[in-house]
Amino acid sequence: MKKLTQGLALAAAMGVTGFAQAAYIDVVANTGPAAAPVAVSADNDYANGNGIPNGDFIGPQHYSLADTVLLSHSLESVSSDPFKLTFTYLGKEAGYTGSFLYEGSEVFNTGTSALGDTFSVVYGGGLAKLDFGFSSDAWGNPAGSVSNMGTGNVANGYNFSIFDAGEDWFILSLDDNNQVDDNHDDMLVMVKAAAVPEPGTLALLGLGLAGIAVRMRGRKKA
């Protein structure tokens, strides 16, 4: 029985090593405008919580007026291993129609997406910025766009901020016309990264458990 316990522990350890990871994504400062954290704007409807006058957001609320966000930063992969990315649409407060894009394809649209809609994809691994961005349409005319892949997430009158909500998850908040209301609540998207089980690791774990089972059957026959 002792050897069986040791065998199971070894097999479990083999499996765990395939999933353990300190972090998958993190923020990196870009060149350009100052990268220091800035206070959440007082007229940010999402941060104001209850009694939102113009916003349409899904709970729970993840940041408040007491928090700070990052401008001129990007999100990047800090893992050489594949991992799962999940994006969630949290809502908007905007007159323009905003879009969130991943690798050039629209994922969410403030005019058609439902609050809480999600999109998941497996990122292949490698140290690089994540390929996503925002764009907006002002009643049929392009209003602006910004990409996480650039040297900064601040464009003329159009930018997004990043709230560090915890290890491997962040909230991206678009300001589609900061010359008017610099409040970063025109479109909110949450992004989380999580482990993807490696087929090779699962196969090794299965072989280990199968070997233990065969040994136990052999002992019973003896």
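Helices (H or I, at least four residues) and strands (E, at least two) are DSSP runs, numbered from the N terminus. Two strands pair if DSSP finds at least two bridges between them.

The model on display is predicted; local features need pLDDT of at least 70, side-chain atom pairs count only at pLDDT 80 or more, and totals for chains, interfaces and linings use all residues. Residues are numbered from 1 along each chain as its sequence is written, and side-chain values use heavy atoms, with hydrogens and water left out.

**The whole chain**

Of the 222 residues, 38% are buried, where buried means under 20% relative accessible area, exposed over 50%, and partly exposed in between (1.4 Å probe, protein chains only). Contact means heavy atoms within 4.5 Å. Among the contacts in the chain with a separation of 6 or more, 68% are between residues 24 or more positions apart.

**First stop: a sheet of four strands**

Select strands E8, E7, E10 and E11. They form an open sheet in the order E8-E7-E10-E11, with antiparallel pairing. Strand E8 (105-109) and strand E11 (141-147) are at the edges and have a single partner strand each, so one side of each is left without a neighbour in the sheet. Neighbouring strands of this sheet are turned by 25° against each other on average, direction ignored; the axes are lines fitted to C-alpha atoms, for helices over the stretch in contact, and angles run from 0 to 180 degrees between N-to-C directions.

Next, show E7 (residues 97-102) with E8: four bridges join these antiparallel strands. Phe-100 stands opposite Phe-108 in E8. Then show E10 with E11, an antiparallel pair joined by six bridges. Here Phe-134 has Val-146 in E11 as its bridge partner. In a regular strand the side chains alternate between the two faces of the sheet.

**Second stop: the turn at Trp-139**

Which residue in the turn of the E10 and E11 hairpin has a positive phi? Select Trp-139: its phi is about 50°, and the hairpin has two residues between its strands. Most residues other than glycine have a negative phi, and most peptide bonds are trans. Trp-139 lies in the loop between strand E10 (132-138) and E11. Is Trp-139 buried or exposed? Trp-139 counts as exposed because its relative accessibility is 68%.

Select strand E14 (residues 169-175), where Trp-169 is found. Six of the seven residues in E14 are buried. On one pairing, strand E13 (residues 158-166) runs antiparallel to E14 and is joined to it by seven bridges; Phe-163 has Ile-171 in E14 as its bridge partner. E13 and E14 form a hairpin with two residues between them, and Asp-168 in the turn has a positive phi of about 70°. On another pairing, six bridges join E14 to the antiparallel strand E15 (residues 187-195), and the bridge partner of Leu-174 in E15 is Met-187.

Within E14, highlight Trp-169. Leaving aside neighbours within four places in sequence, Trp-169 is in contact with His-62, Asp-164, Met-190, Val-191 and Lys-192.

Now move to Ser-173, also in strand E14. Ser-173 counts as buried because its relative accessibility is 1%. Its side chain makes a polar contact of 3.1 Å with that of Tyr-63. A polar contact is a pair of N or O atoms within 3.5 Å; within protein, one must be able to donate a hydrogen and the other to accept it, and residues adjacent in sequence count only if both atoms are side-chain atoms. Not counting residues up to four places away in sequence, Ser-173 touches several residues, including Asn-159, His-184 and Leu-188.

Select His-184, found in the loop between E14 and E15. Its phi is near 50°, a positive value in a residue other than glycine. His-184 is buried, with a relative accessible area of 8%.

Turn to Glu-93, in the loop between strand E6 (83-92) and E7. A polar contact of 3.5 Å joins the side chains of Glu-93 and Asn-183.

Finish at Pro-60, in the loop between strand E3 (56-57) and strand E4 (68-69). What kind of peptide bond joins Gly-59 and Pro-60? The bond is cis, with omega about -5°.
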